[in-house]
Amino acid sequence: MKFGIVVFPGSNCDHDCYHVVKNVLGQEAEYIWHKETQINGFDCLILPGGFSYGDYLRTGAIAMFSPVMKEVKEFADEGGLVIGICNGFQILVEAGLLPGVLMRNKDLKFICENRYIRVESNDFPFTRLYKKGEVVRMPIAHADGNYFADDETLKRIQDNGQIIFRYCDADGNITENANPNGSLLNIAGICNEKRNVLGIMPHPERCAEDILGNVDGKRFFESVLSSF
Amino acid sequence: MIAKVYVTLKKGVLDPQGKAVQHSLESIGYKEAEDVRIGKFIEIKLADIPKPDAEKKVKEMCEKLLANTVIENYRFEIL
């Protein structure tokens with residue numbers, strides 16, 4: 001399987017994603033510079049975390065007009081698998097590939113810590129190796145992860161089962177205390193209606209190896225592999 | 001020609017920055033500051049084009065990039 005990792009000016013988790021794909025999964029990986037206007041031969045695209053364009057104007061807002069985004073949209077329209085992690089998630093919502101928006105964290109702070117999240121759905125290319133309702137631990141590192149959507153959109157994504165990950169406590173309870181950033185419904189990750197585009201605020205690529213003390217994110221990438 | 005664009009959060013969208021500033025104003029004695037909403041002010045220097053065209057273009061700029069209409073409203077004036 002060949003993964004493309006899109007690099008924007010200011011991306012900083014691109015190498016982590018590349019490393020996991022190449023050295024942990026043993027798959028092909030290639031960086032795609034954001035100026036590319038033609039991308040071919042990829043099975044999955046990853047928009048990594050970071051601070052594309054210094055988060056100017058709004059997180060992800062400038063990156064959505066990078067030339068490569070036209071290609072990313074076409075790839076997604078044709079059913080290709082697209083993953084946006086952290087800043088990548090912010091870019092996907094700004095670009096309209098995912099509904100809603102990610103706002104400044106409720107307490108205005110940049111939060112960098114491990115968090116429990118519950119896998120809400122596993123009939124899905126990115127989570128099929130997790131159990132439905134399983135609680136996993138992944139690091140978050142963001143200042144703008146507060147998911148917001150209007151009532152109508154929120155109801156729609158709920159009814160369609162598009163909410164894939166929610167912040168929870170160690171026992172899987174969805175509580176206000178377990179919500180780090182004020183996200184509506186404790187949302188940590190959602191997908192599009194066609195279920196081929198996923199946005200996730202936590203970083204599975206930062207917890208995919210024993211040496212890092214946590215391998216909960218490894219199955220995220222293995223799920224993608226197994227669904228291919 | 002100059003376009004002055006104001007981007008503000010929609011009603012009902014929580015504004016933690018505004019809240020923090022309101023608390024701060026209150027703590028330094030401005031009890032009358034009941035609510036604070038923080039927005040963005042953007043000034044664009046435009047080429048000399050007819051005003052109706054400029055209005056159309058600036059509206060497009062707001063819709064496409066300057067505001068995220070999921071959470072923000074915008075208004076502008078052209079001078």
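1. Pockets are found on a 1 Å grid over the protein atoms alone: a cavity is a set of points where a 1.4 Å probe fits but cannot get out, whereas a pocket is an open set with protein on both sides within 12 Å along at least five of seven lines, and lining residues have an atom within 4 Å of a point. This is a predicted model, in which local features need pLDDT of at least 70 and side-chain atom pairs count only at pLDDT 80 or more, while totals for chains, interfaces and linings use all residues. Residues are numbered from 1 along each chain as its sequence is written, chains are lettered from A and ligands numbered from 1 in the order in which they are written, and side-chain values use heavy atoms, with hydrogens and water left out.

2. The largest pocket holds about 470 Å³ of space, where a volume is the space filled by probe spheres set on the grid points, joined across faces, edges and corners. Its lining has 25 residues, and those nearest the centre are Arg104(A), Asp144(A), Gln17(B), Lys40(B) and Glu72(B). At least two lining residues each come from α3 (87–94) and β5 (101–103) of chain A and from β1 (2–9) and α1 (16–27) of chain B; helices (H or I, at least four residues) and strands (E, at least two) are DSSP runs numbered from the N terminus. By class the lining splits into 13 nonpolar, four polar and eight charged residues. Here Ala, Val, Leu, Ile, Met, Phe, Trp, Tyr, Cys and Pro count as nonpolar, Asp, Glu, Lys and Arg as charged, and the others, Gly among them, as polar.

3. The second largest pocket has about 190 Å³ of space. Of its 14 lining residues, Lys106(A), Asn146(A), Asn181(A), Gly182(A) and Leu14(B) lie nearest the centre. β8(A) gives the largest share of this lining, three residues. The classes are eight nonpolar, four polar and two charged.

4. In helix α4 (residues 151–159) of chain A, the buried residues are Thr153(A), Leu154(A) and Ile157(A). They lie on the same side of α4(A), because they cover an arc of only 100° around the axis, the arc being that of the directions from the helix axis to the C-beta atoms. Asp151(A), Glu152(A), Lys155(A) and Asp159(A) are exposed on the other side of α4(A). Buried means under 20% relative accessible area, exposed over 50%, and partly exposed in between (1.4 Å probe, protein chains only). The buried residues of α4(A) pack against β8 (146–148), β9 (163–168) and β10 (187–191) of chain A, with contact meaning heavy atoms within 4.5 Å.

5. Just after α4(A), Gly161(A) has a positive phi of about 65°. Gln162(A) sits in the loop between α4 and β9 of chain A and is buried, at 2% relative accessibility. Leaving aside neighbours within four places in sequence, the contacts of Gln162(A) include Pro99(A), Arg156(A), Gly189(A), Cys191(A) and Arg195(A).

6. Asn68(B) is in the loop between α2 (51–66) and β3 (72–78) of chain B. Asn68(B) is buried, with a relative accessible area of 7%. Not counting residues up to four places away in sequence, Asn68(B) touches Arg58(A), Glu94(A) and Val101(A).

7. Over all chains there are zero disulfides, a disulfide being a pair of cysteine sulfur atoms within 2.5 Å. For Cys86(A), which is in no disulfide, the nearest cysteine sulfur is that of Cys13(A), 6.5 Å away. Cys86(A) counts as buried at 5% relative accessibility. Cys191(A) is also in no disulfide, and the nearest cysteine sulfur, that of Cys44(A), is 14 Å away. Cys191(A) is buried, with a relative accessible area of 0%.
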